[in-house]
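This report describes selected features of the structure shown below.

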Amino acid sequence: MLKFARHRRLRRDATIRRMVRETVLSVDDLIIPLFVVEGENVKREVPSMPGVYQLSLDAFTRELREIEQLGIPAVMLFGIPEHKDACGSEAYADDGIVQQAIRLAKEAVPTLHVMADTCLCEYTDHGHCGVIEGNDVANDESLELLVKTAVSQARAGADSIAPSNMMDGFVAAIRAGLDDAGFEKVPLVSYAVKYASSFYGPFRDAADSTPQFGDRKTYQMDPANAREALREAHADIAQGADMLIVKPALSYMDIIRRVREACDLPLLAYNVSGEYAMVKAAAQNGWIDEQKIVLEMLTSMKRAGADLILTYHAKDAACWLRERE
């Protein structure tokens with residue numbers, strides 16, 4: 001009689017498959033990005049991102065309560081100000097839209113972990129992530145404004161600061177600024193590995209942050225590079241990062257794995273807007289089973305090494321995971 005491995009013995013029914021499952025996706029793994037805007041009674045769907053909205057503060061409060069009921073533990077806040085200028089001054093204004101949203105969130109749902117995206121691109125009239133000199137983004141001058149932004153967000157009550165600008169030295173500068181301002185207990189969740197990706201298009205609709213000239217390739221990473229990701233991650237760890245983000249996720253599973261193997265900090269995968277929009281478009285056309293595709297994608301991000309996942313699918317995924325219980 002032939003002797004060979006019987007791998008199917010551990011796949012024969014749903015119970016045993018669940019018992020030996022190596023990677024488990026949980027609601028506790030999910031972080032949902034939210035976009036807040038000025039005004040009242042605003043719930044404006046982003047055309048390229050069905051189910052994702054720009055929310056005024058009153059609508060934002062209702063959204064937070066729904067998120068709490070679903071058991072999602074954290075949100076990442078992005079703001080779209082009414083007025084923009086060359087230095088993005090609304091990003092670090094104490095009454096800026098994100099600062100208002102942070103205070104409101106901590107009052108309405110105190111147990112929710114509020115992450116503040118720390119960048120300038122949504123607030124500048126040129127759409128870049130820092131101060132412009134000539135046709136370039138000035139690195140060190142931009143750091144000063146990013147520190148002011150991070151401190152203002154912490155002062156408003158943000159539970160963690162998530163700088164996404166990719167300026168050299170941004171983690172060191174923001175860590176020092178937070179510590180000097182008395183916020184040494186506030187963790188830094190660094191967008192350590194952020195590529196100059198084509199998957200960000202729908203986000204720029206949502207955040208009104210399309211560059212008015214050029215692109216972001218001088219500060220975001222080349223999608224062809226992998227070793228560079230480890231240099232960026234190690235630099236941010238040395239400068240004081242508490243968690244790391246890899247962005248995007250779906251086409252960068254190899255990067256998530258490399259960073260996971262090289263670093264022991266908690267690792268977040270950002271399942272970005274273009275990845276979300278493609279799934280939504282295919283589902284609306286009846287080409288895929290949205291629920292199965294989304295849960296498979298998110299599970300694969302965890303399998304690659306992510307501890308947490310930033311995703312616009314968070315609310316749907318939370319509902320589907322609850323149905324599985």
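The axes are lines fitted to C-alpha atoms, for helices over the stretch in contact, with angles running from 0 to 180 degrees between N-to-C directions. Helices are DSSP runs of H or I with at least four residues, strands are runs of E with at least two, and both are numbered from the N terminus.

The axes of helix α3 (residues 97-108) and helix α4 (residues 139-156) cross at roughly 25 degrees and come within 8 Å. The two helices α3 and α4 are therefore roughly parallel to each other. Their crossing is right-handed, a term that applies if the near helix is turned clockwise from the far one by less than a right angle, left-handed being the anticlockwise case. On the α3 side the contact (heavy atoms within 4.5 Å) is made by V98, Q99, I102 and R103, and on the α4 side by S152, Q153 and A156. By class, the contact of α3 with α4 has three nonpolar, three polar and one charged residues. Nonpolar here covers Ala, Val, Leu, Ile, Met, Phe, Trp, Tyr, Cys and Pro; charged covers Asp, Glu, Lys and Arg; the others, Gly among them, are polar.

## Basis of the model

The model is predicted: local features need pLDDT of at least 70, side-chain atom pairs count only at pLDDT 80 or more, and totals for chains, interfaces and linings use all residues. Residues are numbered from 1 along each chain as its sequence is written, and side-chain values use heavy atoms, leaving out hydrogens and water.

## Cysteines

With a disulfide taken as a pair of cysteine sulfur atoms within 2.5 Å, the count comes to zero. For C121, the closest cysteine sulfur belongs to C119 and is 4.0 Å away, too far for a bond.

Accessibility is classed as buried under 20% relative accessible area, exposed over 50%, and partly exposed in between (1.4 Å probe, protein chains only). C121 is buried at 6%, whereas C319 is partly exposed at 33%.

T61 is found in helix α2 (residues 57-70) and is buried, with a relative accessible area of 12%. Not counting residues up to four places away in sequence, T61 touches L104 and A108.

Q212 lies in the loop between α6 (201-207) and α7 (227-239) and counts as exposed at 59% relative accessibility. Leaving aside neighbours within four places in sequence, Q212 is in contact with D125 and H126.

Key. Angles under 35 degrees count as roughly parallel, over 145 as roughly antiparallel, 65 to 115 as roughly perpendicular and the rest as oblique.
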